[in-house]
Amino acid sequence: MIKKLIHRIFRRGTRPSPVHSHASSGPKRIAKKAHRIDPHLLSKNAVKVTHTLQQAGYQAYIVGGAVRDLALGIGPKDFDVATNATPDQVQKLFRKSRLIGRRFQIVHVTFFGKERPEIIEVSTFRALLENAGDHVADSGRILRDNVWGTQVEDATRRDFTINAMYYDPATETVLDYHGGMADMQQRTLRMIGDPAKRYREDPVRMLRAIRFAAKTGFTLAPETRAPIATLAKLIHDVPAARLFDEILKLLMSGYSWKAIQGLREAGLHHGVLPLLDRALDPPAGIAGGDAFIRLALGNTDERIQNGKGVSAGFLFATLLWPDLLHNWQKHLASGMANVPALHAAMDDTIGNQNKGMMIQRRFEADMREIWAMQPRFDKRIGRFPHRMLELPRFRAGYDFMLLRCATGERPASLGQWWTDFIEADLAGREQLLTAVKDEVVRTGSSGPAAKRRRRRKPKTAGGPTAGGLDAE
Ligand code: ATP
Ligand code: MG
């Protein structure tokens with residue numbers, strides 16, 4: 001009778017038990033007809049892992065974001081498994097497994113199939129912080145996290161209720177400790193426990209809140225959202241590499257534009273991440289800075305939603321472009337030539353950014369290459385365009401230039417010219433080069449004279465790269 005009543009309340013989407021309860025009454029068991037998870041969306045390898053662990057006498061479940069996505073009817077991009085087996089015990093069961101992480105040890109089990117290898121992350125149930133003693137810093141931030149616990153504890157330590165559900169592929173049952181399924185139905189993102197305390201333990205959770213809200217379209221519960229405004233500054237305490245990973249996840253979520261708006265609304269971007277600061281509030285005088293980023297992130301989101309890859313270097317290059325333009329103009333105004341001014345500006349922009357969130361070296365190299373290529377697109381003369389096509393990162397540089405054309409920073413005709421040039425055969429390419437020469441003669445819009453004029457009057461030249469056969 002009581003069960004029926006709870007079921008009815010649950011189906012109406014009303015929370016059946018207090019949010020902050022420590023789930024002392026045990027988890028809700030949700031059967032297939034209620035959760036409607038389609039087993040076809042499961043990774044066979046994840047099922048193999050839970051099966052092997054269960055056969056060896058351990059508990060094992062698919063957990064976290066995968067269950068959330070499955071319940072939303074979305075195929076998860078990766079699968080995590082939680083178990084009561086310790087990392088050593090897990091490793092003994094899987095030949096191709098590796099222990100990774102220090103702060104948060106997990107085992108990666110790798111499967112090599114016809115397509116790219118799949119890694120299933122297996123983590124051992126974590127104990128509650130109260131039982132983790134000296135693993136917590138004075139500020140409340142978790143330093144190490146390798147004290148094993150029970151499933152109840154493990155569930156309570158997860159971030160959001162919708163991320164704390166456990167799915168057993170063998171019985172097709174979901175174990176739900178914190179009302180995650182009810183929150184799913186109400187499209188609510190709710191932090192487990194006391195949100196302020198949870199953000200202090202790990203400030204990255206604030207960024208995760210914004211990212212998941214953007215990705216799922218769910219609303220943050222008021223008490224989950226409220227503390228973010230005052231705690232935003234704690235992001236400074238997060239080690240740079242981890243912050244970088246999280247921002248990258250946010251940008252690569254397929255909902256980056258929405259997520260960045262979310263950061264702005266939550267007051268999370270200001271003075272916290274210089275890159276986003278500059279991206280969202282482009283320096284005065286840079287027309288269309290916001291438009292540029294909006295377009296770039298829109299493109300990125302579309303590519304990711306269509307299952308295409310995106311380079312992180314390209315993405316950061318776009319986010320920092322308004323700032324770079326600003327610095328480029330500054331150096332031109334001081335009398336520097338176009339290309340040296342660009343390189344000086346790159347140093348400024350990257351140096352400034354790295355004071356906040358360090359961009360990893362390998363991405364920095366990509367960014368510099370993409371930026372350095374930009375003035376060369378104006379140099380449509382002789383062998384230069386042919387040589388451009390041979391550059392290994394040409395495609396990225398070209399895509400970047402197209403964005404600049406789309407926002408009106410460069411003329412649309414320049415983008416079209418390059419598109420034609422790429423597609424043309426050799427004869428066609430020569431014709432295109434001749435056409436540029438003719439245009440220059442007709443309009444007198446470029447050439448060395450223009451360069452001299454621009455150097456004397458940098459601010460009126462219409463942007464650093466305006467009209468330049470002479471760009472190098
Ligand atoms: P996605 O993989 O789609 O980005 P996810 O929810 O799977 O989302 P992961 O970073 O893969 O995110 O983490 C897996 C699970 O681990 C989460 O669902 C959550 O239960 C838990 N988790 C991850 N990071 C934290 C954190 N900072 N605090 C508490 N729990 C976390
Ligand atoms: Mg995940």
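How far is an oxygen atom of ligand 1 from an N or O atom in the side chain of Arg158? The separation is 3.0 Å, and the table sets this pair beside two others, a polar contact being a pair of N or O atoms within 3.5 Å. The model is predicted, so that local features need pLDDT of at least 70 and side-chain atom pairs pLDDT 80 or more, whereas totals for chains, interfaces and linings use all residues. Residues are numbered from 1 along each chain as its sequence is written, chains are lettered from A and ligands numbered from 1 in the order written, and side-chain values use heavy atoms, without hydrogens and water.

| Protein atom | Ligand 1 atom | Distance |
|---|---|---|
| Arg158, side-chain N or O | oxygen | 3.0 Å |
| Asp159, backbone N or O | nitrogen | 3.2 Å |
| Arg211, polar side-chain atom | oxygen | 2.7 Å |

Taken alone, ligand 1 exposes 590 Å², of which the protein buries 84% (Shrake-Rupley areas with a 1.4 Å probe). The shell around ligand 1 has 18 residues, a residue being included if one of its heavy atoms lies within 4 Å. Helix H9 (204-216) is among the helices that supply at least two residues of this shell, and H9 gives the most, with 5 residues; helices are DSSP runs of H or I with at least four residues, numbered from the N terminus.

Elsewhere, Gln305 is in helix H15 (residues 289-305), and its C-alpha atom is separated by 8.6 Å from that of Ser253, 52 residues apart along the chain.

Note on methods. A polar contact is a pair of N or O atoms within 3.5 Å; within protein, one must be able to donate a hydrogen and the other to accept it, and residues adjacent in sequence count only if both atoms are side-chain atoms.
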